[in-house]
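A reader who meets a structure for the first time may ask what stands behind the words used to describe it. The questions below take up such words one by one.

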Amino acid sequence: TASATSTVTATPTITPTPIILRPPEGEPFVIGYSVEGRPLWVTRFGSGPVVRLIVGGIHGGYEWNTVDLVEGLIQDFHQGTLLVPPDVTLYILRNLNPDGYENYWGQYAGRSNANGVDLNRNWDANWQPTWPLEGCFSAVTLTGGTAPFSEPETQALAQFLLDYEVDALVSYHSQMSAIYATGDETLDPAADDLARGLAAASGYQYPPPWSSCVYTGQLVDWAVDQGIAAVTVELTTHDDPDLALNRRLVNSFLAWRRPAP
């Protein structure tokens with residue numbers, strides 16, 4: 001009789017790096033590369049001990065307006081339209097999925113990276129290679145990867161979050177006009193408190209509308225597991241970057257402090 005064999009992909013080990021050099025303020029620096037070798041650019045503003053991160057473009061060309069928004073926010077900080085409080089260091093990741101953005105701008109296929117992986121399903125938090133499609137995005141076939149952190153983009157961002165000891169993050173998506181604190185059954189108190197503050201400042205809906213979609217392998221869920229207050233912010237449409245509205249949201253994000261235990 002024939003015997004079947006299977007290949008198991010090991011999950012990369014992601015641990016903090018002991019020494020981190022602070023990049024020059026306002027100058028983009030590279031934290032890693034995409035599948036096709038495009039750089040993942042991050043820009044720093046401020047130099048305080050409280051570290052925050054804004055992430056754009058996790059769904060690449062399908063949610064291209066999140067990249068437009070983040071570029072607009074970077075310009076605001078350069079011009080002084082937005083200011084970082086003295087006790088905060090803000091890092092801004094322009095586009096986590098440059099391959100999907102460059103190859104399939106404005107198309108469903110731009111949601112995944114060059115390996116066909118949804119980068120918001122590739123994190124080591126309730127990870128699954130596939131998930132039920134009911135209530136979820138189903139316009140093109142996507143996977144969660146061969147294992148958690150199988151993709152260079154998620155490996156690079158996870159390493160950055162640990163190395164730079166990020167305290168809270170906002171991950172931009174579109175188009176629900178809502179804020180999500182987590183996608184699993186638990187609700188982190190800090191993320192919930194942050195989401196409520198951002199909703200009050202922006203007008204985005206929180207708690208978000210009910211969905212039958214099963215969320216697996218999400219950035220915010222893995223981040224919360226690491227002690228990071230993480231929320232997903234969904235823009236109103238797939239076209240408008242909601243810049244004026246998100247100036248208010250970002251000011252609230254930078255002013256937010258963890259509630260006392």
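The following questions and answers concern a predicted model.

Q: What makes strands E1 and E6 the edge strands of the sheet?
A: The open sheet has 7 strands in the order E1-E2-E4-E3-E5-E7-E6, and its pairing is mixed. Strand E1 (29–33) and strand E6 (178–180) each pair on one side only, and they are the edge strands. Neighbouring strands of this sheet are turned against each other by 20 degrees on average, direction ignored.

Q: How do you know that E3 and E4 are paired?
A: Two strands count as paired if there are at least two bridges between them. Strand E3 (residues 50–55) and strand E4 (residues 88–93) share 6 bridges, in the parallel sense. The two strands therefore meet the requirement of at least two bridges. Within this pair, Ile54 stands opposite Ile92 in E4.

Q: Which helices are said to touch the sheet, and what makes this a contact?
A: Contact requires heavy atoms within 4.5 Å. Helix H1 (residues 64–79) touches strand E2 (39–46), E3, E4, strand E5 (168–174) and strand E7 (229–235), and its direction makes about 135 degrees with that of E5. Helix H3 (residues 152–163) lies across E1, E2, E3, E4 and E5, and runs at about 135 degrees to E1.

Q: In what sense do E1 and E2 pair, and what lies between them?
A: E1 and E2 pair in the antiparallel sense over 4 bridges. As at least two bridges are needed, the two strands count as paired. They form a hairpin with 5 residues between them, and Gly37 in the turn has a positive phi of about 90 degrees. Across this pair, Val30 stands opposite Trp41 in E2.

Q: Why is Arg94 called partly exposed?
A: Arg94 has a relative accessible area of 25%. Buried means under 20% and exposed means over 50%, so a value in between is called partly exposed. Arg94 lies in the loop between E4 and helix H2 (98–103).

Q: What makes the pair Arg94 and Glu71 a polar contact?
A: The side chains of Arg94 and Glu71 are joined at 2.5 Å.

Q: Why is the disulfide called right-handed?
A: The torsion about the S-S bond of Cys136 and Cys213 is about 105 degrees, so the disulfide is right-handed.

Q: Why do both cysteines count as buried?
A: Buried means under 20% relative accessible area. Cys136 has 12% relative accessibility and therefore counts as buried. Cys213, at 10%, counts as buried for that reason too.

Q: How does the span of H4 compare with the expected span?
A: Helix H4 (residues 189–202) has 14 residues and reaches 20 Å from its first C-alpha to its last, close to the 20 Å expected at 1.5 Å a residue. Its buried residues, among them Ala191, Leu194 and Leu198, pack against E5, E6, helix H5 (219–225), E7 and helix H6 (243–255). Just after H4, Gly203 takes a positive phi of about 90 degrees.

Q: Is Ser252 called buried or exposed, and why?
A: Ser252 has a relative accessible area of 19%. The limit for buried is under 20%, so Ser252 is buried. Its place is in helix H6, and Ser252 touches Gly197, Leu198 and Ala201. A polar atom of the Ser252 side chain lies 3.4 Å from the backbone oxygen of Gly197.

Methods. Residues are numbered from 1 along each chain as its sequence is written. This is a predicted model: local features need pLDDT of at least 70, side-chain atom pairs count only at pLDDT 80 or more; totals for chains, interfaces and linings use all residues. Side-chain values use heavy atoms; hydrogens and water are left out. Axes are lines fitted to C-alpha atoms, for helices over the stretch in contact, and angles run from 0 to 180 degrees between N-to-C directions. Buried means under 20% relative accessible area, exposed over 50%, partly exposed in between (1.4 Å probe, protein chains only). A polar contact is a pair of N or O atoms within 3.5 Å; within protein, one must be able to donate a hydrogen and the other to accept it, and residues adjacent in sequence count only if both atoms are side-chain atoms. The expected span of a helix is 1.5 Å times one less than its number of residues. A disulfide is a pair of cysteine sulfur atoms within 2.5 Å. Lists of a residue's contacts leave out its neighbours within four places in sequence.
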